[in-house]
Protein chains: 2
Amino acid sequence: MVRGNAFDPDCPTRVLLDRIGDKWTVLVVSALAEKTLRFSELRAQVGGVAPKVLTQTLRALERDGILRRRVYAEVPPRVEYTLTRLGRSLAEPIAAIQDWAEGHVSSVLTNRERYDNAVA
Amino acid sequence: MVRGNAFDPDCPTRVLLDRIGDKWTVLVVSALAEKTLRFSELRAQVGGVAPKVLTQTLRALERDGILRRRVYAEVPPRVEYTLTRLGRSLAEPIAAIQDWAEGHVSSVLTNRERYDNAVA
DNA sequence: AGGGACAGTAACCATAGGTTACTGATGACT
DNA sequence: AGTCATCAGTAACCTATGGTTACTGTCCCT
């Protein structure tokens, strides 16, 4: 088997792919790759995230050392999220995925239409 | 906003990220990047997929034109899945993600332990 | 006649994700 | 002095996706 044993569910690599493959991680990391953002800015930037889910995602990424969470004792409260060095290294392959997506959306949408018409 | 409008939920790019961000797409594309596989081979290769979910994933990828499904009228039945050219182009950034994962698992696991100890 | 190979589907259950409303502290406005 | 807005979440609830186990159909082999 090539590429390590990423296909074994008990392999740590799989654990990481599971994390990357959650619905919001890619968007969050990509948003933070540009610059540090606070909670509400992230919420606005990544359209459609429920606050609960955003919190979950951020906690998980913090736990993995992908980003750092900084709380400022102010009123109204201010919490900033920044990518760590590890997070910045992850941002690169993620940007590659996004480039691919942007470059191939039209093909995919065409394919979908064709497929749906063939079925229906 | 940089990188197009991938953060807008209605943007087509987002649609693709949603697809890539499902639990099995990355593994399936990565497995097929090596070579054409039949259903049962995929099931064995990608440990832990339920057949139902594998079928769903494969149908979705076929619809998007990422892979081609070929049925041979034999008994026992034979169905082969092959990446299309589009699929092969997607395999590249996916491989980059996998490389990142393999290179950074240990950091992440260390971070997790530290985080869990700090909380508990 | 019975069992095995293969590619799924059917029916059911568990968990992750999503929605809406709410908290708590303070400053600004009327 | 009372009311409203700001901000970062939580709480309680509901739904949709993912997961599990069992089963189907066809033909060959023994």
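**A chat about helices, contacts and DNA**

Tutor: Let's start with helix 2 of chain A, residues 25-34, which is mostly covered: eight of its ten residues are buried. Keep in mind that this is a predicted model.

Student: Which residues in helix 2 of chain A are buried?
Tutor: Thr25(A), Val26(A), Leu27(A), Val28(A), Val29(A), Ser30(A), Ala31(A) and Leu32(A) are.

Student: And which residues have the most contacts inside the largest nonpolar core?
Tutor: Those are Val28(A), Val29(A), Val28(B) and Val29(B), in a core of 52 residues. Val28(A) and Val29(A) were also in the buried list for helix 2 of chain A.

Student: What does Val28(B) touch, leaving out residues up to four places away in sequence?
Tutor: Leu42(B), Val46(B), Thr57(B) and Leu61(B).

Student: OK, on to the contact between the chains. How many residues does it take from each chain?
Tutor: It takes 46 residues from chain A and 46 residues from chain B. On the chain B side, helix 1 (12-20), helix 2 (25-34) and helix 5 each supply at least two residues. Helix 5 of chain B gives the largest share of that side, 18 residues. By class, the side of chain B that touches chain A has 23 nonpolar, 13 polar and ten charged residues.

Student: Let's stay with helix 5 of chain B. Why does its end-to-end distance agree with its length?
Tutor: Helix 5 covers residues 85-119 of chain B, and at 1.5 Å a residue its 35 residues should span 51 Å; the end C-alpha atoms are 47 Å apart, so the two agree.

Student: Where does helix 5 of chain B bend?
Tutor: At His104(B), by about 55°. His104(B) is also one of the buried residues of that helix, and others include Gly87(B), Leu90(B), Trp100(B) and Val108(B).

Student: What classes of residue make up the surface near DNA strand C?
Tutor: Eleven are nonpolar, three polar and six charged.

Student: And which residues are closest to DNA strand D?
Tutor: Arg38(A), Ser40(A), Pro76(A), Val79(A) and Ala50(B), out of 20 residues that surround it. The largest share, four residues, is from helix 4 of chain B. The surface near DNA strand D divides into eleven nonpolar, three polar and six charged residues.

Student: Where is Pro76(A) found?
Tutor: In the loop between strand 2 (67-72) and strand 3 of chain A. Pro76(B) has its place in the loop between strand 2 (67-72) and strand 3 of chain B.

Student: Last one: why does Val53(B) count as partly exposed?
Tutor: Because Val53(B) has 13 C-beta neighbours inside 10 Å, while a buried residue needs 20 or more and an exposed one has 12 or fewer. Val53(B) is in helix 4 of chain B.

Note on methods:
Residues numbered from 1 in each chain as written. Chains lettered and ligands numbered in written order. Predicted model: local features only at pLDDT ≥ 70, side-chain atom pairs only at ≥ 80, totals over all residues. Expected span 1.5 Å × (residues − 1). Bend = angle between axes of the 7 residues up to and from the residue. Core = buried A, V, L, I, M, F, W, Y, C linked by C-beta atoms within 7 Å. Contact = placed C-beta atoms within 7 Å. Nonpolar A, V, L, I, M, F, W, Y, C, P; charged D, E, K, R; others polar. Near = placed C-beta within 6 Å.
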